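These are my notebook entries on a single protein chain. I set down what I looked up, entry by entry.

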Amino acid sequence: MGASRKGKFSRRWCVLSDGVLSYYENERAVTPNGEIRASEIVCLAVPLPDTHGFEHTFEVYTEGERLYLFGLESMEQAHEWVKCIAKAFVPPLAEDLLARDFERLGRLPYKAGLSLQRAQEGWFSLSGSELRAVFPEGPCEEPLQLRKLQELSIQGDSENQVLVLVERRRTLYIQGERRLDFMGWLGAIQKAAASMGDTLSEQQLGDSDIPVIVYRCVDYITQCGLTSEGIYRKCGQTSKTQRLLESLRQDARSVHLKEGEQHVDDVSSALKRFLRDLPDGLFTRAQRLAWLEASEIEDEEEKVSRYRELLVRLPPVNRATVKALVSHLYCVQCFSDTNQMNVHNLAIVFGPTLFQTDGQDYKAGRVVEDLINHYVVVFSVDEEELRKQREEITAIVKMRVAGTASGTQHAGDFICTVYLEEKKAETEQHVKIPASMTAEELTLEILDRRNVGIREKDYWTCFEVNEREEAERPLHFAEKVLPILHGLGTDSHLVVKKHQAMEAMLLYLASRVSDTKHGMMKFREDRSLLGLGLPSGGFHDRYFILNSSCLRLYKEVRSHRPEKEWPVKSLKVYLGVKKKLRPPTCWGFTVVHETEKHEKQQWYLCCDTQMELREWFATFLFVQHDGLVWPSEPSRVSRAVPEVRLGSVSLIPLRGSENEMRRSVAAFTADPLSLLRNV
């Protein structure tokens, strides 16, 4: 076997015995030229063939910042050596990592979860785009899907680098104490997290299996181009479109589209080009003909049923992308009075693009037209999903209309005043809110601007504060800010502060044995129609049961039928009850429910103790957000904050008159399903 420490291979006789890898001048030599103890090995890597001028090699990194290269002519022999060395230096705790082949295996200092005071040593294995980890306190963790990361960044200076991996439910900090093997891990993880090819499944993916490149473009056009005349029909500049597409293909996660830097037509052209150039197409070569044939079915109900069957047969990433794209096009055509892109016009553009035809086959356009017209039925879109989509789009366009009317705010320039800890002039910050910004991202931006450090068990949260109701609601970390901003009244504001009860709530959720909650509370109802408060009576004892689907109210414990029942995911729960109602205790919360007719129902609940209040509120959060109350360790990483000054941002002009936009918004808000009446 060839061995090297400085890049030049020399043939050596190697022996692995009793946890020591020894290499000799030849097989007859008695004294080894050198040896590597298994306890000193920190990383074992298997590079691609011919990486080091030898057909099959592997790398051994030691604690003393040394790298040893070994090479063999036979792939089988190299594989056997790697397997034996791995078994020699990996402890029993991490043996699960040896169950599959790997490109890199070793131990690294890390911080994760809620224990960020000191670094611990974990064992890691990189295989394809999966990073597996075993930590001292538990079994093998769920692998991190590197191409699904929300963020991959390097923090710290050159001497103390930290690799930050942010996934939806957790954040992992890998520290670079040993520079040599850390740089190897860094390069390998960055490569594994990048797009690996041209097919959909090889792209960087989001949580819903939608390629990040598609999400970035759709999100930008939703924010900045819904009312742009001829959106998707007009082409962008070829050179700019090509540069943008190359950047997105290389690392879409790191590309942040900004107004003033990218024109909506350049972004729309990049998205169309990406979809047209997919090697297998969005609908796949194998199923493309079946989709086109389905468009010729005369019976509408039978045709929609056939589309649903074909949708299920698509690969998961293709299926998720088709839904995301059609959902977006459905929103675009809702503003056709302004953008001149109705369903038929969008179908003309996207039919040839998605089916990769020359535009001569009319059936391609018919499929796209059918999918948009029957969007809700084909994709099984429920009322809650449609409501959230309507709120977000309405918020975007209404704020554009408001900006056009005032003459001070243009497309995409949504400025929100947010306070830090309390509402004071000296604590206010003016923040630009993109359509994709979550409550967590807003919280981090405010903290970064004020250079506020985050310590362990600091649960910084963005709160919606309603001064008139004397109540506040901690926003869920994944909640979109823009629809909330649109709905804020003149007596409401946003404030970023510590959630003092979050630790107690998380401890309660971790220790409880059931996903339901039941018990007695003081109840008072307050119906509000068209903003007029109509209070009814005082507080009364009532029995409540809260489960994953609904909140039920019973007159007493022995009652069999509930007096009232509300779908839990349609409720907004605020901490606090206004004093003029004379609540029986100081531990109460206000619950708001908006009916399908946009009538607001509001009532007040009071608990006997603070602990009861926290338990009820924690359970509400748990069932409303499918168990994800707080990320195991949120994305608490420093980031560059864009400097925002009113009046100095280069913006894209908004096409269409104010009256046209007002009509589009009014029509969409009043009846978002108007196009589905003929289904």
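**Entry 1. Helix 3 and helix 5**

I began with helix 3 (residues 212–224) and helix 5 (residues 264–276), which pack at an angle of about 150 degrees with their axes 10 Å apart. The model is a predicted one, in which local features need pLDDT of at least 70, side-chain atom pairs count only at pLDDT 80 or more, and totals for chains, interfaces and linings use all residues. I number residues from 1 along each chain as its sequence is written, and side-chain values use heavy atoms, with hydrogens and water left out.

The axes are lines fitted to C-alpha atoms, for helices over the stretch in contact, and angles run from 0 to 180 degrees between N-to-C directions.

I noted that helix 3 passes helix 5 in a left-handed crossing. A crossing has this hand if the near helix is turned anticlockwise from the far one by less than a right angle, and is right-handed if clockwise.

Which residues make the contact? From helix 3 I listed Ile 213, Val 214, Cys 217, Val 218, Tyr 220, Ile 221 and Cys 224, and from helix 5 Val 264, Val 267, Ser 268, Leu 271 and Phe 274. Contact here means heavy atoms within 4.5 Å. I sorted the residues of this contact by class and found 11 nonpolar, one polar and no charged. In this scheme Ala, Val, Leu, Ile, Met, Phe, Trp, Tyr, Cys and Pro count as nonpolar, Asp, Glu, Lys and Arg as charged, and the others, Gly among them, as polar.

**Entry 2. Helix 10 and its partners**

I turned next to helix 8 (residues 316–333) and helix 10 (residues 343–355), whose axes come within 10 Å and cross at roughly 150 degrees. Helix 8 and helix 10 are therefore roughly antiparallel to each other. The angle classes are under 35 degrees for roughly parallel, over 145 for roughly antiparallel, 65 to 115 for roughly perpendicular, and oblique for the rest. The crossing of helix 8 and helix 10 is right-handed.

Leu 325, Leu 329, Val 332 and Gln 333 of helix 8 meet Val 343, Leu 346, Phe 350 and Leu 354 of helix 10.

I then followed helix 10 to helix 11 (residues 362–373); their axes come within 7 Å and cross at roughly 125 degrees. Helix 10 and helix 11 are therefore oblique to each other. Their crossing is right-handed. In helix 10 the residues of this contact include Val 343, Leu 346, Phe 350 and Leu 354, and in helix 11 they include Val 367, Val 368, Glu 369 and Ile 372. I counted 11 nonpolar, four polar and one charged residues in the contact of helix 10 with helix 11.

**Entry 3. Cysteines**

How many disulfides are there? I took a disulfide to be a pair of cysteine sulfur atoms within 2.5 Å, and by this rule the count comes to zero. For Cys 334, the nearest cysteine sulfur is that of Cys 331, 6.1 Å away. Cys 334 is buried, at a relative accessible area of 17%. Buried means under 20% relative accessible area, exposed over 50%, and partly exposed in between (1.4 Å probe, protein chains only).

For Cys 586, the nearest cysteine sulfur is that of Cys 606, 8.8 Å away. Cys 586 is exposed, with a relative accessible area of 63%.

**Entry 4. Single residues**

I looked up Val 166 in strand 14 (residues 162–167). Val 166 counts as buried at 3% relative accessibility, and its C-alpha atom is 9.4 Å from that of Lys 148, 18 residues apart along the chain.

Gly 184 lies in helix 2 (residues 179–193) and counts as buried at 18% relative accessibility. I found Gly 184 and Ala 45 to be 139 residues apart in sequence, yet 8.7 Å apart in space from C-alpha to C-alpha.

I also checked backbone angles. Most residues other than glycine have a negative phi. Asp 209 has a positive phi, near 70 degrees, and sits in the loop between helix 2 and helix 3. Glu 421 also has a positive phi, near 75 degrees, and lies in the loop between strand 16 (415–420) and strand 17 (428–432).

**Entry 5. The whole chain**

Of the 679 residues, 52% count as buried.

Note on methods. Helices (H or I, at least four residues) and strands (E, at least two) are DSSP runs, numbered from the N terminus.
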